[in-house]
Amino acid sequence: MNTPYPVIKINDNDDVVVARFPVAKETFLPHENLTVNKDIPAGHKIALHDIAAGDAVKRYGQIIGFASRDIKEGDHIHTHNLSMGDFSRDYAFGVDTVELPKADHVDTFMGIRRADGRVATRNFIGILTSVNCSATVARAIEDHYKKVGLDDFPNVDGVVALPQSFGCAYGFDSETMTVMRRTLSGYARHVNFAGVVIIGLGCESNQIKDLIRTEGLEEGKLLHSMTIQQTGGTQKTIDKGIEIINAMLPQANSVTREPVPVSEIILALECGGSDSYSGISGNPVLGYVADKIVQQGGTAILSETSEIFGAEHLLTRRAVTPEVGQKLVDRIAWWQDYCTRTKSEMNNNPSAGNKEGGLTTVLEKSLGGIAKGGTSNLVEVYEYAEPVTAKGLVFMDTPGYDPMAVTGQIAGGANLLCFTTGRGSAFGSKPTPTLKIATNNALWQRQQEDMDHNCGDVAEGTETIAQAGERLYALVLAMASGQKTKSEKFGYGGLEFVPWTMNAIM
C-alpha cells in the first residue's frame, strides 16, 4: 500500500499546506518543491513561500490570520508567528446562492409519528427542573427507574432527568429568564419526549406557572408540574413523580416505528475538540450529509456563533434574502459588543486542545467549522432555543461551548445530532441521540469506543468526502431508526443539559 503524501493543500490560493502526519525537519516535498525547516506536528501548517510580517496568511482560500513576524518558506506556522488582525469581509448577501438538485427518490427511516404529525427518533419520558433546588428530586426519580427497569415497556427508551444549575437569582423580564423559559419549553415540547414532568422548589424566580403561561404550555396527561414546597417535601415529591410517570408509561409505550421520509429529520450539526483535520475530513463529510438531508426536504442546524466569526461572510453570501443575511450579521455584532462589555475577545475561543491539534486562530477554526453546513443556501437565522420551523440549512445563535450549543439546538427541535471531533470529545445528549465522528485515524484507533464513524481515510487521501459521506448518511438513517450510538450505550446525555445564562446572576 502506498504511503500517503505527507501534506495537504486545500485551496490553490493557500499560503500553507497541512501535515497529514508528523513531518521531520529537512523533509523534501516534491509537489511543493520545498524543504521543511523544522519538525512539524501532525495537523500543523507549513509555509509554502516567504511571508513578510504583517501579511495575510490564507488557508481554505481565506484569511486565517496575519504573520506576526517574517516567515520563511518551509517554516512551521502557528501561534508563535501567526496572529489575529482586522480585515474587511464582503457580506454580499445572496450572491453565492445555488439551488441543490432535488433528490430523485424519497429516502426513508423508521420513525415514530406523534399524534400532532411530528416525527420522533427516540421515545423518552423527561423530568425537567425549573431550578437547581429540585435537581436532587429529579435525579431520585430517574434513579428509581434505573433500578426497577422498564422491561414491561420495551418501546420506551428511558426516563431521563435533565436538571439545571440555575433557575433563580435573575430578573423576571431579563434576557436570561426569557432564554431559560424558551429552552425549557422547547424541551417540554420536544418530539422525542412522550411525556414530561416539570419539578420546582416553589419559591424560585423561574416560577413554573409563569413558564407555562408565557410559553403557552398546556398541562395534561403527558405534561405535569409540581413543586417540593406545595407537595410537602422531598420524599413526597419523589413518590408523586413516580406515580405520575407510572401513569404515563403505558401510553408512552403504545408507539410503533413506521417508514417516514428523511424530510422529517432536523439534524443538529456540532463539533468539539476540533483539530486541523476537522475542516479537511470530518466537517466536509458531515456537510455532505447535511446537503443530502436538505435535498430530501429536511433541515440542518448550524450553530456556535463564536466559531463562525471571520467566516460568516461565506454564509451571508448564501443567504436566500438580504434579511436573512442581515440577521446573521446582527448576531455577530451582538457578540462583538458582548466581548467588549466583558473584556474578552473572539480569538480566546480556540482551546488548548484545538491549538495542539494545529488550529491557530478562531478564523482558521471558523473556516473549518462552517464546512459542517455543506453547500446549500442559508434559509433562516434563529436566536438561541427558538423553534426551528424552516426546511433547509438554518443557523442558530449559540455560544461555542458544546453542551450549551447543543442544548439550544435540541430546544429548537433537533431530533438527531452529529458531532465531529479531532481530539476526542466525550459527549452525548438526550432526548436527541448523538453520533460521533472522528476526523483522523489516530483518534479512531485510540478512542474507537466513543466514536461511531471514522473520516481518517479522507484526511489521508485514501477515501473521498462523498464515499465517507455516503457511509455516514447510512449511519444517520440507522440512528434515526433507533440504532443506539456509542454515547447512548455509555449513558451520556443526562448531565449535558446546559441552558445559556446570558445575564448577571444576582
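**Entry 1: Arg122 and its partner**

I began with Arg122, which is buried, with a relative accessible area of 0%. I keep in mind that this is a predicted model. Which residue does the side chain of Arg122 meet in a salt bridge? I found Glu488, at 2.8 Å from N to O. Glu488 has a relative accessible area of 16%, so I note it as buried too, the cut-off being under 20%. I then checked where the two sit: Arg122 is in the loop between strand S11 (119-120) and strand S12 (124-129), while Glu488 belongs to helix H15 (residues 486-490). The pair links distant parts of the chain, 366 residues apart.

**Entry 2: a pair in helix H1**

Next I looked up Arg139 and Glu142, whose side chains form a salt bridge at 3.2 Å, N to O. Both are in helix H1 (residues 135-148), three residues apart, or about one turn of the helix. Buried or partly exposed? I checked each: Arg139 is partly exposed at 21% relative accessible area, whereas Glu142 is buried at 5%.

**Entry 3: a pair in helix H8**

I moved on to Arg341, which makes a salt bridge with Asp337; their closest N and O atoms are 2.9 Å apart. About one helical turn separates Arg341 and Asp337, because they lie four residues apart in helix H8 (residues 322-341). Arg341 is exposed, with a relative accessible area of 51%, and Asp337 is partly exposed at 41%.

**Entry 4: a network, and the count**

I also noted a network of salt bridges that links Lys45, Arg59 and Glu364. How many salt bridges does the structure hold? I have 20 written down.

Methods
Residues numbered from 1 in each chain as written. Predicted model: local features only at pLDDT ≥ 70, side-chain atom pairs only at ≥ 80, totals over all residues. Heavy atoms only, no water. Salt bridge = Lys/Arg side-chain N within 4 Å of Asp/Glu carboxyl O. Buried < 20%, exposed > 50% of the residue type's maximum accessible area, 1.4 Å probe, protein only.
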